[in-house]
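User: Could you walk me through this model step by step? I am new to reading structures.

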Amino acid sequence: MSVITTLTRMWLTKSFKPFTFKNEYDENLPIDECENLGLYIHIPFCKNICNFCPYCKVLYNEELCNDYVDALIQEIHLVCSSYKDKKNVTSLYFGGGTPVLAGNRLKEIISTINDYFTITEGIGIELHPENVNNETLNMLKEAGITKISIGIQSFNKKYQSILGRNEVNIEDIKSALNKVSFDTVSMDFIFALPGQKFEDLKEDVEKAVYAGANHIAIYPFIDFTFTNSNVKSLNKDEKRKLLDDITEYFNENKYIRSSIWTFSNNKNASYSSMTRDNFLGFGCSATTLLKKQFKINTFDIKSYCKRIEEKKLPTSLTIRFTKRQRMIYWLFWTAYSTKVNADDFKNFFGVSLEKIYGFELWLAKIFGLITRKNNIYEMTLKGAFYYHYYENFYTLSYIDKMWSIMRENPFPKDIKL
Ligand SMILES: C[S@@+](CC[C@H](N)C(=O)[O-])C[C@H]1O[C@@H](n2cnc3c(N)ncnc32)[C@H](O)[C@@H]1O
Ligand code: SF4
């Protein structure tokens, strides 16, 4: 599998050089050179651990959670206090884990962020279905949250039991969402589960809209090597049919495709912490993507807090990009939105997209993977499937490998991908 990603990397970066992450970091992150910056904060606590979930998280413990939030606030100060002016950022997203478990500290975290940044497009948070009640939603609203994303996974008992998740009471969710409104109400589903048919997924989407969602995320199930899950995903053809059928359903019902996995029925609803040119991440396992580097914080909570106590950044690994590597990174994450604007590429790199990747774009057009309107390249249905297919390889050969190592070792010497 990694042969495909290695060959693609060599072809597109025109180099044999692997992506090399080293145990080093900059004391002062060069954020001033970054436009279109987004923020991400990771809260790694859950009430129960789902065996399919790859994210950095541990069982909730009140004392540990409080110590962690103290350290998190210090990390924000450590990274930002050397910058003179307040900087505009598009958004702030809280992910996890289950970030509401630190709900009593959200206002404090947001107020620390507001000391350094002006957020222009709202604040989002991931929720577990059990968090969706009047009291919690009101608390979030009061803290300034404008977008919520609820991890439903499935409303169907069969798939809930495959994933080991509890039943979701749709009427309770609907009633809570009716009373407290947010700009974006997104619901996450995992699809391509064993035996899953288009009708099952369509029913999930219809129930989500009935309950109050205006934005839907459908993620294909990924079987990470280090999780304890024994669920096997559908095969390639079955997955493609399911993805094509549900995309067609969204098209027929006039949904807007806002990214490869997300669809909304309201043009103002959006939820994505990924499709940013640059982002700053705080907390365990959080990543930071800047103009010339990408860095990852340690996955270990105790090591994270210790580093902060020593007044050092909790960065575990940093990669300093060659220009071609950064271009690949930019293209990969921009293509996640299913569109690439050639003008944006030129603005970011000072050279035209066609000059660097003219042949590849021509090939992609010949194979029916993309179309071009004005200066915007857009993925076709076939293109979106193959992007997904390639992303799956990328996830299993890059992210899976990196996360497996980082779960075991808080500060590995280096990782070559
Ligand atoms: C951090 S969780 C969401 C919030 C909350 N903790 C919950 O479980 O409801 C983020 C999302 O990642 C997706 N996810 C988790 N594990 C996955 C896997 N193995 N394959 C595909 N998607 C996955 C799920 O849809 C999940 O809602
Ligand atoms: S899916 Fe959500 S609740 Fe389950 S372990 Fe992952 S982060 Fe926690």
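**A walk through the model**

Analyst: Let's start in a loop: K311 lies between α9 (301–309) and β17 (315–320), where helices (H or I, at least four residues) and strands (E, at least two) are DSSP runs, numbered from the N terminus. This is a predicted model, in which local features need pLDDT of at least 70, side-chain atom pairs count only at pLDDT 80 or more, and totals for chains, interfaces and linings use all residues. Residues are numbered from 1 along each chain as its sequence is written, while chains are lettered from A and ligands numbered from 1 in the order in which they are written.

User: Is K311 buried or exposed?

Analyst: A residue is buried if 20 or more other C-beta atoms lie within 10 Å of its own, exposed if 12 or fewer, and partly exposed in between, with C-beta atoms placed from the backbone. K311 has 9 other C-beta atoms within 10 Å, so K311 is exposed.

User: And A192, buried or exposed?

Analyst: A192 sits in the loop between β10 and α7 (198–211). Its phi is near 70 degrees, a positive value in a residue other than glycine. With 22 C-beta neighbours inside 10 Å, A192 is buried.

User: How many residues surround ligand 1?

Analyst: A residue counts as near a molecule or strand if its C-beta atom, placed from the backbone, lies within 6 Å of it. β6 (92–96), β9 (147–153) and β10 (184–191) each supply at least two residues of the shell. The closest residues are H128, G151, D188, Y219 and I222. In total, the residues that surround ligand 1 number 17.

User: Which peptide bond is cis?

Analyst: Look in the loop between β6 and α3 (106–116), where G97 has its place. Omega is near 20 degrees at the cis bond, which runs from G96 to G97.
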